[in-house]
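Here are my notes on the model, as numbered points. Have the coordinates open while you read.

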Amino acid sequence: MTTSQTSPLIEMRNVRKSFGLFEVLKGISLSVNDGGVVCIIGPSGSGKSTILRCINGLTPIDSGTIRVGDFSVESLRSDKKLIPLRHEVAMVFQQYNLFPHRTVMQNLMMAPVQVLRQNADEVRDRAEKLLAKVRLTGKESAYPGELSGGQQQRVAIARALAMEPRVILFDEITAALDPEMVSEVLSVVRDLAAEGMTCVLVTHEMRFAEEVADEVFFTDRGVIVEHGPPSTLFKSPSDPRLKDFLDKVL
Amino acid sequence: MNSELRTFLLGIVGVPLCLLGLFAAVYGDNTGAMLGLMAERTPTLLTGSPDITSLDGGFLANIAMSIIAMAIAAVGGVILGVGLIAEFSIVRHVSDVVMNVLRNSPWLVVLYAMLYLLPFEVEIFGVYVTISPFIKSVIGLSLPVAANIAEIFRGGIQAIPSAQWESARSLGYRRLQILRHIILPQALPLMIPNLMTIYAMLFIGTSLVVVTGASDILSAAKVIIATTGSETASGFYIYILFLFFLFAFPIAILTRCLERRIGSVSL
């Protein structure tokens with residue numbers, strides 16, 4: 001085996017971040033293998049979402065290092081320098097954040113055409129396949145406002161995939177959905193994970209995390225308290241804080 | 001019949017009738033003769049010349065000034081507005097000061113300032129260009145309007161949720177690209193009613209340019225009244241009110257229509 005296969009795709013080392021006087025991340029280290037599925041769980045305000053936002057450079061960090069593939073994220077200080085990284089790392093948000101003035105098809109095509117300068121016809125072919133994949137064929141010319149929350153979130157996943165990323169970051173993507181729509185979104189993520197897409201999920205869906213994750217990280221108050229494969233983390237947690245958290249949510 | 005159409009019909013019939021009533025109250029038995037005088041002088045009031053040989057004065061000048069000043073103010077306002085939301089705090093603060101100074105200056109004062117600050121003529125590439133009262137008026141009017149447009153621009157941009165910026169950034173868009181492709185298309189419809197309101201204000205404000213010596217409708221009226229006698233002044237000014245109303249009122253109604261339509265579109 002060569003080193004490129006063994007070294008993780010994402011590697012965070014001792015990452016610290018403060019917002020004003022409040023230190024959100026107090027030395028986070030984690031790694032994600034290529035093709036791996038990692039779930040980050042933990043109480044609200046523990047810094048889960050901030051970890052994701054640091055990985056794609058939306059939130060600049062104060063100290064530590066973040067490596068994604070060949071990019072050293074903390075050294076990319078302008079949006080222009082971050083473009084190649086954002087080609088590789090896509091993100092899906094809790095509130096979908098689709099562009100409401102553009103149709104579903106335009107939402108998928110905009111960034112590849114306008115940012116990556118790819119050929120519009122090729123992007124359209126790809127976008128049609130992606131819409132089929134998230135089971136939204138026929139909604140190409142609908143506007144986001146005409147779709148249900150679950151459908152919008154699936155469009156958002158397809159939009160992220162249209163960038164042909166190596167990693168997708170999912171930030172509590174089912175938290176704003178009505179319960180009956182959660183499963184349609186999760187099944188899309190499940191398919192992606194099965195196909196070998198590298199996924200990092202911040203989630204409150206513990207059963208889903210247990211099912212799809214290779215590794216689960218539990219964060220509390222800005223530190224990673226415990227991590228490991230879901231079988232050990234969920235079945236036999238060792239840290240009292242994790243036990244307490246699992247008692248509350250399961 | 002929708003409410004705007006009702007308001008429009010009510011206003012477009014009611015207000016002229018009220019003005020006519022006022023006219024009759026002032027002139028009593030003479031009303032007919034005075035209306036005849038108004039009709040006779042209408043070409044002069046509208047174009048500045050009695051036989052419509054030139055179209056550079058009177059009410060047409062007011063309309064032209066408002067349109068040119070609006071165009072200049074739109075360009076200046078957008079530039080200033082981009083400054084107001086700039087990433088660099090120095091640019092932001094400077095733009096803020098400029099915007100506040102211009103927005104809070106009385107229009108009449110700005111017009112007087114133009115009269116005395118701008119030279120009679122300037123040399124551009126060796127060619128002497130006269131700065132006519134018309135040009136001074138247009139510049140003077142466009143300054144405070146530009147500041148208002150900058151504020152409308154800033155407000156419209158900031159009405160779009162920051163999550164839109166964020167998701168665009170995560171797709172690799174840069175700041176100006178986000179503004180152009182994602183934020184402005186959503187913000188522009190929100191700005192249009194405000195822009196139309198400021199245009200209506202600008203149009204009404206063109207009546208102030210008489211102080212610069214530009215040949216607008218009020219200076220045309222002054223010239224006429226000098227020959228027809230001061231007892232005809234009330235009639236001419238009522239007539240001018242009517243002309244301004246005729247132009248500005250439909251804009252106000254259209255603004256309201258647009259506002260309602262935008263309100264019904266969920267963003």
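1. Buried area here is the accessible area (1.4 Å probe) that two parts lose on being put together, summed over both. On that basis chain B and chain A bury about 1,900 Å² between them, with 57% coming from carbon and sulfur atoms. Arg169(B), Ser170(B) and Leu171(B) supply 32% of the area that chain B buries against chain A, more than any other three residues.

2. Some housekeeping. This is a predicted model, where local features need pLDDT of at least 70 and side-chain atom pairs count only at pLDDT 80 or more, while totals for chains, interfaces and linings use all residues. Residues are numbered from 1 along each chain as its sequence is written, chains are lettered from A and ligands numbered from 1 in the order in which they are written, and side-chain values use heavy atoms, with hydrogens and water left out.

3. Back to the chain pair: 16 residues of chain B are in contact (heavy atoms within 4.5 Å) with 24 residues of chain A. There are two salt bridges between the chains, counted when a side-chain nitrogen of Lys or Arg is within 4 Å of a carboxyl oxygen of Asp or Glu. Arg169(B) makes one with Asp79(A), with the closest N and O atoms 3.5 Å apart.

4. Which helices of chain B give two or more residues to the side that touches chain A? They are H7 (162–170) and H8 (175–205), helices being DSSP runs of H or I, at least four residues, numbered from the N terminus. H7(B) has the largest share, seven residues.

5. Now look inside chain B, which is divided into domain 1 (1–55 + 228–267) and domain 2 (58–214); the bounds come from an automatic or database domain assignment. Their centres, over C-alpha atoms, are 28 Å apart. About 1,500 Å² is buried between these domains of chain B, 83% of it on carbon and sulfur atoms. On the domain 1 side, Phe244(B), Phe247(B) and Ile262(B) lose the most area to domain 2, together 37% of what that side buries.

6. The count of salt bridges between the two domains of chain B is zero. Helices H2 (31–47) and H10 (233–264) of chain B each supply at least two residues of the domain 1 side that touches domain 2, and H10(B) gives the most, with 10 residues.
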